[in-house]
Amino acid sequence: MTIQQLKLIKTLAECGSISRASQQCFLSQPALTRQIQAMEKELGFSLFERCYNGVKPTQPGRVFYEEIKPLLNQYEKALLLARQANSAALLSGIRIGSYYYLMSLVAPACHFGRSQNDAFDFDFISCRLCDTLEYLKNDKIDIGVYIDFAKGISSLFYSAPIALASNMCKVPQGHPLFGKNQVSLSDLDHQTVLLPRIQTENIRQIQKHIAQSGLDIQIQYFETPDQAEAIGLAKNKVIFILPPFVPNACYHHAVIADLPKPVLSILTRKEDQTKYAPVIEQLRTYFQSCLHRFPGLLPLTID
């Protein structure tokens, strides 16, 4: 008699219904009935008898069920502990990919994770925000730290949301908005703003809001943050960014109040969700405990 067969006895005894037990065991009712009959033949006594609202264990069936129940519970506990130990053994050299701005958040989170579990060992891989999903899909990274709307994340990935991320801007010294902590699109009327040349759902939302605002806001696209900062200082132009940001004395950072907020998430491939669950939970715990240190990141409960 196998563990799976013993589980059938336990499930049927607890459900008291062949219909409900078959659903829980992903078997048809006739298939479950045949399995029970085969076990009864092997054991030499009946396990169940019909009653007015389903089935119930016979007297010998009840004794047998009560004796195997702790054994099955111990088996499930042993299996869980063994799988956790196996996951911990596999969790070395975990490749974490994120945009380099996010490294100021990711690196200390990984240090925290390692302090909580010696089995965690991380390799950092810098990738553009728009490349994070592609890196995950092609197995170049194991976990990605990513900012976008859920609509922009493929169903291939498991996403653990952490915080809302305000759309922000870097205002160069000498610009009329320098020193303000919050601005609106109307403050940028009759100006050219710098926007990264990447295809994310957040960028599409920004483009849509600017187009529908009725304001005279021109968009100039940049390839790299260094290029944006050089243009911003030379041409006195505002740069659209996401938090967390790298401080720069030549720029002041402000929240753009009337743009929607994408979500900061930890991603992994769906087939790896169980494997990396302990790591993701440790990282999420750290991120959520230190949001107050990063302007522009807000708890998910805040609209």
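Where in the structure is the place of T268? T268 sits in strand β13, which covers residues 263-269; strands (E, at least two residues) and helices (H or I, at least four) are DSSP runs numbered from the N terminus. This is a predicted model, in which local features need pLDDT of at least 70 and side-chain atom pairs count only at pLDDT 80 or more, while totals for chains, interfaces and linings use all residues. Residues are numbered from 1 along each chain as its sequence is written, and side-chain values use heavy atoms, with hydrogens and water left out.

T268 has a relative accessible area of 0% and is therefore buried (under 20% relative accessible area; exposed is over 50% and partly exposed in between, with a 1.4 Å probe and protein chains only). Leaving aside neighbours within four places in sequence, T268 is in contact (heavy atoms within 4.5 Å) with L136, D142, I143, F157, Y158, Q273, Y276 and I280. For D142, the backbone oxygen lies 2.8 Å from a polar atom of the T268 side chain.

T200 is buried because its relative accessibility is 2%. Apart from neighbours within four places in sequence, T200 is in contact with C130, Y146 and D148.

The cysteines come next. A disulfide is a covalent bond between the sulfur atoms of two cysteines; the cut-off used here is a pair of cysteine sulfur atoms within 2.5 Å. Searching the whole structure gives zero disulfides. C169 is in no disulfide, and the nearest cysteine sulfur, that of C250, is 16 Å away. C169 is buried at 0% relative accessibility, and C127 is buried at 4%.

Notes. A polar contact is a pair of N or O atoms within 3.5 Å; within protein, one must be able to donate a hydrogen and the other to accept it, and residues adjacent in sequence count only if both atoms are side-chain atoms.
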